[in-house]
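The following report goes through selected local features of one structure, moving from a single helix to a sheet and then to individual residues.

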Amino acid sequence: MDDNNTNKRITDEEALAFHSEGKPGKIAIAPTKPLTTQRDLSLAYSPGVAVPCLRIEQDPRLAYEYTSKGNLVAVISNGTAVLGLGDIGALASKPVMEGKAVLFKRFADVDSIDLEVDTKDVEEFVNAVRYLSPSFGGVNLEDIRAPECFIIEQRLRELMDIPVFHDDQHGTAIIAAAGILNALHITGRDIKKSRMVINGAGAAGIACAELVKAMGMPHDNVILCDTKGVIYRGRVEGMNQWKSAHAAATEARTLEEAMTGADVFFGLSAKGAVSQEMVKKMGEKPIIFAMANPDPEITPEEVKEVRPDAIVATGRSDYPNQVNNVLGFPYIFRGALDVQASEINDQMKIAAAEAIAALAREDVPDEVDQAYSGRRLRYGPEYIIPAPFDPRLIVAVSSAVAKAAMDTGVARKPITDMKAYKNELSARLDPTSVSLQRIFDRVAENPQRVVFAEGEEEQTIRAAVLFKNAGYGTPILVGREDTVRATMAQIGLNDPGGIEVHNARLSTNNKKYTDFLYDRLNRKGLLYRDCQRQVNQDRNVFAACMVANGDADAMVTGLTRSFAVCFEDVTRVIDPQPGQLLFALAMVVAANRTVFIADTSVHELPSAEELADIATQTAAKARQLGHEPRVALLSFSNFGNPAREKAQRIREAVEVLDSRNVDFEYDGEMSADVALNAELHRLYPFCRLTGPANILIMPALHSANISYKLMQELSGASVIGPLLIGLQKPAQIVQMGANVSDIVNAAALAAYDAIR
């Protein structure tokens, strides 16, 4: 169900201001091609547009290749059953439909246009929509009252050759079905032997009944109720063909009678429809999905007072187990569009439900915890449905739907490489995935032993488990084994096996590492006992000694200590590569654009030679990560204007690069806007860059560090790093307070450096 709880925490003025400020509404059309010159316009419209038109006339399937059809969904309503508002009419429903379009884009990168059809007549509505197939890849029907919605969807499915999906029916049913799969699993029930009561015989209630039966629950084990009581065989009053299809052979005539001994209750009705007495009469460990919005049929608190053994779900975000349609419809359409499906069938709906259920059983990423005020979400009675902001949904659900479409023969463009498709899905919402995937694949093919220095921290332990489960190698945690195992049990992580725990004090290599460190530092003011103390007590030093002595391939640290402290610890043990400069590089990804920024953490005021070294090594790293380097050496000035002393080092760095005959594009000194905006290059026709720079060499540490952190916080950019470049042995330092994904990424990058 859509979340209405948030609406209670905002004022009318805030809501109106949100919708009116700037451009009114919530969506806009943006071109995907440049339209800056007359040639651009000629290609986009006349005469260039005639070419794809004629190709599509010859082969209609080419519309998916030459137009936006393959990624475009129509959100269509007549406003007769707007959630929580009722029959408010087509025009008044437009803000809701725009909101639906925004959710499609936000969660699955599906473009969407809302269409409000101003009629309550079924035939008029069907005739208005049926001719839209050439325009869209799919139709999402929304907020249409029952029983008209059943007729409309069925007719349009018959008349249109693209998926038609009424989300109020099937979206709710799919998410609820996913929750039921897990609730049955937790309570040890078999869906084929369980008894369910559904209160509410509207669009969502009937769709839920149809789906659970398709998943294996026997017909007579599902009792459907409406305002007149149980829908039983032989009932005449208040019936229609959709209710009749679910009439059960039962002696029960009231909701209370139906719920006696029932295993599962689905509420899609109204506030207060269920009493505590009804809940008391349910079977052992009852499963109660009270999904009426904005107020459930019975609150979780009321249920727990009389049945503490119950598993409860609602449609609200302020309770655990929210049944939220946004978990389904964006990703269902994403999968259907990507295989050019002709419909969304029951098998695709079941595949979506099963994928959502399976995802709830996995460890939850930090991003999700942070979206929910840091509340730890773990599979169990209060977490049977994934959180809506789980970034893994797009991969899990969309790929499952696409596969089901192929398996059932409704896919007109089958996917040949499912692994590559999953990578593409991940990249739609997490742009860093594209750059990292090649590295992760290489590491999975060549597993490494990576030391996680802060081995007793919960974040580190979870990262180590993910690293192991992903097949990247053997994680080595530095810490006390009893503490590590206790933390793992406390946070509900299953030990995958193969994780090593090394206690520095008790390690059999303790003396070897102390001798090694003493040989390095005895002429730098340290006595043997000083080295012994560092090996015993400093986890970064111990981890670095493991790597330096070949007992591990790489290390990662930084979660609980500043970069400067960790850097000093690591470089006490590991030297720079001969002929290489040691520095830090941030990889910033925003709006599908990657920019490398250096040096962010080591050299406070690099010389011209050092700037040239940083540029050369960063270019090599960018190439390694799949980017063709275009280097801009930044300043406040552009090519000597204004000519200031502070920019002299940057000019000299360009001269140094000139003398080295490097094999990548570079230029400077230039300002950041000129570097990043190729249109501004026309002001400087002598500029050597053939496009926007993707490597920014900063004049000093403070400007580099400030820049990437500003981009991270203000623009929501994803940042990988800062990456340590130029060490003789692989080590990476994450930002203090990094999340689990950051730690895993750093560990994989360190492992990749070890392979190289």
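## Helix α17 and its surroundings

In this predicted model, helix α17 is followed by G409, whose phi is positive, near 80°. Helix α17 is mostly covered, with 11 of its 15 residues buried.

## The six-stranded sheet

An open sheet is formed by 6 strands, which follow one another in the order β18-β17-β19-β16-β15-β20 with mixed pairing. Strands β18 (665–670) and β20 (718–725) stand at the edges, and because each has a single partner strand, one side of each is left without a neighbour in the sheet. From one strand to the next, the twist averages 20°.

Within this sheet, strand β15 (residues 583–590) pairs with β16 in the antiparallel sense, over 6 bridges, and M587 stands opposite F596 in β16. Helix α27 (residues 648–660) packs on the sheet, where it touches β17 (630–634) and β18, and the direction of α27 makes about 160° with that of β18. Helix α29 (residues 701–714) also packs on the sheet, touching β15, β16 and β20, with a direction that makes about 150° with that of β16.

## Individual residues

Which residues does S601 touch, not counting those up to four places away in sequence? They are F563, A584, L701, N705 and P722. S601 lies in the loop between β16 (593–598) and α26 (608–624), and a polar contact of 3.3 Å joins the side chains of S601 and T600. With a relative accessible area of 18%, S601 is classed as buried, because the cut-off for that class is under 20%.

For the feature "binding site", an unreviewed UniProt entry lists V82, L83, G84, L85, G86, D87, I88 and G89. Of the residues in that record, G84 lies in the loop between β1 (72–77) and α5 (94–108), and G86 has its place in the loop between β1 and α5 as well. Is G84 buried or exposed? G84 is exposed, with a relative accessible area of 59%, whereas G86, at 29% relative accessibility, counts as partly exposed. Leaving aside neighbours within four places in sequence, G86 is in contact with G79, T80 and A81.

R533 is found in helix α23 (residues 528–537), and it is partly exposed, with a relative accessible area of 41%. R533 and T514 are 19 residues apart in sequence, while their C-alpha atoms are 8.6 Å apart in space.

The accessibility values given above are gathered here.

| Residue | Relative accessible area | Class |
|---|---|---|
| G84 | 59% | exposed |
| G86 | 29% | partly exposed |
| S601 | 18% | buried |
| R533 | 41% | partly exposed |

How values were computed:
Residues numbered from 1 in each chain as written. Predicted model: local features only at pLDDT ≥ 70, side-chain atom pairs only at ≥ 80, totals over all residues. Heavy atoms only, no water. UniProt positions renumbered as here; feature names shortened; annotations may be inferred. Helix = DSSP H or I, 4+ residues; strand = E, 2+ residues; numbered from the N terminus. Buried < 20%, exposed > 50% of the residue type's maximum accessible area, 1.4 Å probe, protein only. Contact = heavy atoms within 4.5 Å. Polar contact = N/O pair within 3.5 Å; in protein donor to acceptor, adjacent residues only side chain to side chain. Pairing = 2+ DSSP bridges. Axes fitted to C-alpha atoms, helices over the stretch in contact; angles between N-to-C directions.
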